[in-house]
Every structure is written in C-alpha cells, then in structure tokens.
Amino acid sequence: MTLSEAAPIAQPITELLDAETVQSIADEVWPSLVGDGEAFVPVPVPPPADVVSAWVDIIGPWTGSVVLTCAPATAEALTESVLMTRPPTVVDSEDVADALGELANVLGGNIKSVLPGESRLGLPQIGSAPSRGRLDDVRSLVGQWRGNFLTITVQGAAPAPHAERNEVPL
Amino acid sequence: MTLTATSFDWVRQLVHRESAIVLQPGKEYLVEARLLPMAQQLGCAGVSELVETVRNHPDPAKTRRIVEALTTNETSWFRDGDPFTAFTSTVLPQLVAARRPDERLQIWSAACSSGQEAYTIAMLLSDALPNAATRVSITATDLSRQMVERTRAGRFSQLEVNRGLPATMLVRHFTRSGNEWEISPTLRRMVTATECNLAAPLPRLGPFDVVYLRNVLIYFDLPTKQAILTRVRQLMRPDGWLFLGAAETTLGVDDNWERVVLGRGSAYRPRKGA
Amino acid sequence: MRALVIDDSRAMRRIVGTILKDFGYEVREAGDGRQALDVLQEGKAEGWRPDLCCIDWNMPVMDGLQFVFAVRANPEYRQVTLMMVTTESETGQIVKALAAGAHEYLIKPFTADALRDKLALLGLLPEEVSA
C-alpha cells in the first residue's frame, strides 16, 4: 500500500477520535479475540507496580501508536484466553508477545480505519510503552479486564531527537 | 454458571409477562450470556446479583433493558439462504406478474431486530428490480423500541456486517461511518420501522404480499403461536407468501396454510377458503 | 475439507485454525504469502489441495493481496476459494481484494459465527455443522 504525500495533520488525536469509538472497537475485539462474553470494562482499578505493553504504530497523516498496557500476569491470562490454552499447557513469552501483539494489531487496525487519510500499521511490538509526544495528543481508556488493570492508549509520536531546539551545540 | 434457580425463574416470569416469550428450562446459559454485560456495567458481581438488585429496587428502565436483552434474535444477513434465494428466483417474479405495475409490493419483516433481515430484502430487491424504491415498501417491526430505532438508523458495527453479508453487497450498499457501516440512503428509505408486539392485537398494517416471521414463534407457547399466525394471515393478501425459520412449521399449529416447497426450504400460503 | 490459514500472527493462525478444525477441516498454515505458495506447491506433490485459503493482508515477504494475484493467475488453483481475513476494512481495500480475485472478505475482529456464516455463503460448511 503506498501512501499519498499528504501533509501531517496538526490536530491532536483527541479531535480525531473520541472515547466512545475506542470503547466500541474494544467491545468488538474482546469477544472476538479474547473469548465469548469477555469485555474490556472502562471502570478504573488501581494500577499494578509492574506493567507490560504491546503496541502498533500508525503512520499516516496522524502518526502515533495504539498501546495496550497491563500487568505481566494479566498479559499471561489474556494470552491463555486468546490462544484457548488449557492446563497443563502454559504460555511462554513468545506466546504472550504474539497474542498481545495481535490484540494491539486488531485494535490498531480498526482505529486506523477511523482516522482521516490513508495510514499504515507497523508490526506489533511488546515491552515498555513508547514515549508519548505532546501531552494533549493522547486518547486513553483506563479500565479493566476480569477485574485486572488494563489500558488502551492512542498516543501521538514523540518528536525525533534532532527536532529538539534546546540542545546547545558543543 | 453463577445464575441461581430463583434468579432464572424471576427473569423467566418477567419476560413472559412483558412479551409472552417463554424461556424454557435449559436456557439459563442464554440468560447468563445476555445479561452479563449489563450486570458488569452496573457493577454487579454477576447476573444473580443484578436480578436481586432489580427485584429489591424496581426500576422500569432496567426491567426494560433486561427484557430487551433476552428478546432479541441472533441476527445475520441472508439467514439460512433459502428464504432469500427463493424470494428472488420464485416469489418475486410471480408477484410482479400478478400485480399491476403501479401497485406497490408490500413486504413485512415481522421480528426485524436490528434490521438485517429488512435490509437483506431491500438489497435483493434493488438488485432484482429497476426502480425498486418505488415498486416496493418494506415494513419492519419489532417488540423492542431500541431495535426499531436501530433498524431506522441502518447503521451496523463491523461485527454485525461480518455475519453472512456477501462482501460484494457490503461494498455496493454500505458506506463506512467511523467504525460502523451505514446502509445507503436509497435502501434506508425503502424500510419503515415501527414497534409492534406480535403477541397483542396488531396495528393496521399491510396488506402484505410477503411476510418474514422467522425464528420468533419458537419463543411463544402454542396458543400464542396460533393467535399470531391468525393475525398475520389477516394482514396478508390471499395469494401472499409467509416465510418461517428454517426449523419451523405451521404443521400441528395452524392448518390454514398450504406448504410450498421452495429450493431446500419452504414457504406457506394462506389456504384457499381459510 | 481442507484449509490453508495464512497469517503472520501465530495467535491468529491458531484462532482461525481451531474454528476451522471444529468445523471438520484439516488445516495447514503459512506465515506469509511466499510460504503459502510453497505449501501449495508441496501439497500438489502429495495430492493435497485446499478448498479454502484464509488470508491475512499485511504480512512480510509477500502480502495477502499479492498472494491472491498469484493464485488467481494459476489455473491449477481455480477451484480454491480465497477469503481475506484482515483488519483492512476501508471500502477501497475490500474492492481491491475482490477485484484481485478474492471470493470473500472477513473483517477482524470476527466471531466463530461470522466465519461459519461466510463458509455457509461459500457453500464450504460441512452439512453436519449447518445447525
């Protein structure tokens, strides 16, 4: 898929994507990938000490990432649900990267379709969430899955280091 | 399964009272699945807790939501195939031949839910007839106000358009709107949606050339089934066609109908002299 | 019935594969279009040919659209039904895939029922499952 040479959009994601749309996408993704009757519930719970994130980049007139964040144990439980594994089968880190990555991929793909212009998705990644860009360029849903902390965040890309103006050349 | 017997019983009685629909024992899983999202949204631990909450603090809005959650059908496009291929190949040509060119064909989708059946018919008609919009009107009714509004809106989620809708129809008859898909304005205008409780005396509708009454009779007890079929027949043209769900029949229920084999399925026509 | 599931996500291959196996399909997998063509080629040698290919769009090496072009250009695979299974869901994308020769298009996220409905449309649902 080739991209048009469109100029980047100046608007922050909050003007392009409302919370209801993200929630309705999650409402479709969860029963489909995580299991019948499963849901991402937008009711906050206290965040855990440790988190892991899976994300996909969206590159287009608006550029940023769709990031899914939860505790490592939640990531494992999600993976077991996505892959429909049963004890005594256990999931390994490759399974988690793949399952969470696919969740991020499907969330990201649907969010991409709502944004203006033509965009493409990067490959799923897992680890510590990418740095955020402008603070107002963030659309975040804080909630839970089966009572566990989980967030879905659509965040603008951080500016590239060379664009910073406050470095003093040596 | 967290649903208690008393909770299931309360729900069963509520639904029967409000809609005459019968939830047989064994349908506990359905109640659990359909009410769990509502229970979670309201912060209840499970469906039984939701039921207790509503029993102790009666709330018409919550009661209505419960009834609606349990009285919607499984919805897909072109459900079971045959009643729609038969419509295009056999029923429609016969009707067009039997009616005057200026007579509008009247079609009734009698348990329309979110509108998939009504718009399936609209798509078939627009592909089969020139000027379908002026030759046909489709009445879509449902017990639920929420479903009637959904049918009027003609907007469907990604999950919904995935259900049995040929991709070629999706691209020709729908446009994307945010994360949803909207039926084209031409097709939307072909459908008029209103509330209607089949288990009660019917408003003045029709007379209909074709009625789709699919997968709704199964929820009713025998006397109600018979009453509904009688009322429906009274709103039909004598040479009209009735389509029931794939596993349904008028046999043993109402013998004022003649069964006609169509493809691998069948349709029912008012028996002459009935 | 036989199917080839083509997706760079192992999770998605497993999800689609499991649903198809529940419907009685024998399932083989590939991680991209190139691998899928290899699987088809190897299958020919043993008389194995899929009735259905479920094809993701965005994959490395050879994407789903290119795979569709390649298969439809080969008369040996004329009887193989090609269904896209992808998050790409803009009208233009769907039209492109259908024009390239895909027979059907399933948008992610999808449910097992949705996949079953598509199979029914395509006449690829084993009779016992139709209920």
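**Entry 1: two helices in chain A**

I started with helix α2 (residues 72-82) and helix α3 (residues 93-114) of chain A, which pack at an angle of about 80 degrees with their axes 9 Å apart. Helices here are DSSP runs of H or I with at least four residues, strands are runs of E with at least two, and both are numbered from the N terminus. The axes are lines fitted to C-alpha atoms, for helices over the stretch in contact, and angles run from 0 to 180 degrees between N-to-C directions. I noted that α2(A) and α3(A) are therefore roughly perpendicular to each other; that label covers 65 to 115 degrees, while under 35 is roughly parallel, over 145 roughly antiparallel and the rest oblique.

Which residues meet? From α2(A) I listed A75(A), E76(A), L78(A), T79(A) and V82(A), and from α3(A) D95(A), V96(A), A99(A), L100(A) and L103(A). Two residues are in contact if their C-beta atoms, placed from the backbone, lie within 7 Å. I sorted this contact into seven nonpolar, one polar and two charged residues. Ala, Val, Leu, Ile, Met, Phe, Trp, Tyr, Cys and Pro count as nonpolar, Asp, Glu, Lys and Arg as charged, and the others, Gly among them, as polar.

A reminder to myself: this is a predicted model, in which local features need pLDDT of at least 70 and side-chain atom pairs count only at pLDDT 80 or more, while totals for chains, interfaces and linings use all residues. Residues are numbered from 1 along each chain as its sequence is written, and chains are lettered from A and ligands numbered from 1 in the order in which they are written.

**Entry 2: R120 of chain A**

I found R120(A) in strand β4 (residues 120-121) of chain A.

**Entry 3: where chain A touches chain C**

I counted 18 residues from chain A and 15 residues from chain C in this contact. On the chain A side, α1 (19-34) and α3 each supply at least two residues. The most come from α3(A), with nine residues.

**Entry 4: the sheet in chain C**

I traced an open sheet of five strands in chain C, ordered β2-β1-β3-β4-β5 with parallel pairing; two strands pair if DSSP finds at least two bridges between them. Its edge strands are β2 (26-30) and β5 (104-107) of chain C. Four bridges join β3 (residues 52-55) to β4 (residues 81-86) of chain C, and C54(C) has M83(C) as its bridge partner in β4(C). Helix α3 (residues 64-72) of chain C packs on the sheet, touching β1 (2-6), β3 and β4 of chain C.

**Entry 5: chain B**

I counted 12 helices and 10 strands in chain B. Along its principal axes, the C-alpha trace of chain B spans about 60 × 50 × 35 Å. Buried residues make up 42% of its 274 residues.

Chain B puts 14 residues in contact with 18 residues of chain C. The largest share of the chain B side, four residues, comes from α10(B).

Methods. A residue is buried if 20 or more other C-beta atoms lie within 10 Å of its own, exposed if 12 or fewer, and partly exposed in between; C-beta atoms are placed from the backbone.
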